[in-house]
Amino acid sequence: MNADAIAARMSVLTRALPPRVLVVDDDELEGELIAERLTAAGFEVARARHGNEALELLDSRWYPLVITDWQMPVMDGIRLTEALRARGVSDTYVIMLTMREASVDYERGYLAGVDDYLSKRIPDAELFARVHAGFNTLALRRSLREMQATLEESVSIDAESGAFSSQELVSRLLGEIRRAQRYGRQLCLITVGIQSAQAQGLDGQRLRKLVQTIDGVIRAHIDWIGRLTAPREAAFAVVLPEAGISEAPFIKERIAAAMRAFAQREGVGELQLTFGVAALERGSAQETELEAEQMLKVAEVCRRCAGCNGPEQLAAVQASVASQVAIACRHGYVVDTSCRLKGDVGGEVGVGPGEPGALS
């Protein structure tokens, strides 16, 4: 295989990967021979005499491919590979040069993170084929990582909870808003914040079970749940097409009761729940098109309100008026400074009466 052919085949790979190779060998003659063969094939080659020297070079510059001898002073090839992998370096392909034949040695190398093996007496054709395979493997790994990252960004389901992701929540909610505005229909949004007294109370499968519990008390195939981004708590938006502001307190109480049963069943300790609401009423006129983020903001300001006269309630009403989105405070549910959305008839979960988030 001549150098021109190798350069042509490498041209595609070098768009993403620099054709740099680090050769690590304490034998000056052996190392020089391999370096010369690779340089003639169009690679940029650096050399190191042992593992420590190689790590210093790798600290200052990325080499996609490392060809290292097995037995060397100071730090041998196995320890070099282990050190690389311990640093989390996965985007460097390691080829081990060896004269050894015992399968146990190969197993040890693979466990350390060695990608491939070459004999020191390998002919040019095989050397270049293995090097190309290394670069191709790296390019494939990179493509797979990029594809995975893209999928994670675009995925519609939150992997931890099973609800729609925050990004999908905004997208789907906007569609619901546009349909409600176009046809003069009702649309209600309830946000729910959940905190557990136990540090690990909602870890693992319990968060998914919690979402399933909420899903069990809303309408199948009509209502749906999306995850909110909220620090130090699990928070969700329950979207209720064709439901109005007058129904929100009753739906909220069903959710609260289900959460109480969930907490007792799963043994997660007390749950502190907070609720907010925002709604489009039937035939309501909007001067401008409402955005999903605006409706979510109104519900979240409502959720942070304690449900009694004061600056929090004023802020919730102001957000509601500014967005022309209904909340309970503007529709007859504040009586004697007590907000019906913030209370229920079944007791409390994790907070005392009159406190923010109280359920009775």
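## A buried strand and its surroundings

In this predicted model, Trp 224, Gly 226 and Leu 228 point one way from strand β7, while Ile 225 and Arg 227 point the other way, and all are buried (under 20% relative accessible area, with a 1.4 Å probe and protein chains only). Strands here are DSSP runs of E with at least two residues, and helices are runs of H or I with at least four, numbered from the N terminus. Local features need pLDDT of at least 70 and side-chain atom pairs 80 or more, while totals for chains, interfaces and linings use all residues. Residues are numbered from 1 along each chain, and side-chain values use heavy atoms, without hydrogens and water.

**The hairpin**
- β7 is joined to strand β8 (residues 234–241) by 5 bridges, and the two run antiparallel; pairing takes at least two DSSP bridges.
- Across from Trp 224 stands Val 239 in β8.
- Between the two strands of this hairpin are 5 residues, and Arg 232 in the turn has a positive phi of about 65°.

**The cores**
- The largest nonpolar core has 36 residues; such a core is a set of buried Ala, Val, Leu, Ile, Met, Phe, Trp, Tyr and Cys residues joined through side-chain atoms within 4.5 Å.
- α9 gives the most to this core, with 7 residues.

**Confidence**
- The chain averages a pLDDT of 81, where pLDDT is the predictor's confidence in each residue, from 0 to 100.
- Among the elements, β7 has the highest mean pLDDT (96) and β10 (residues 334–335) the lowest (42).
- Where pLDDT is low, the predicted coordinates should not be read in detail.

Definitions and conventions:
Buried means under 20% relative accessible area, exposed over 50%, partly exposed in between (1.4 Å probe, protein chains only).
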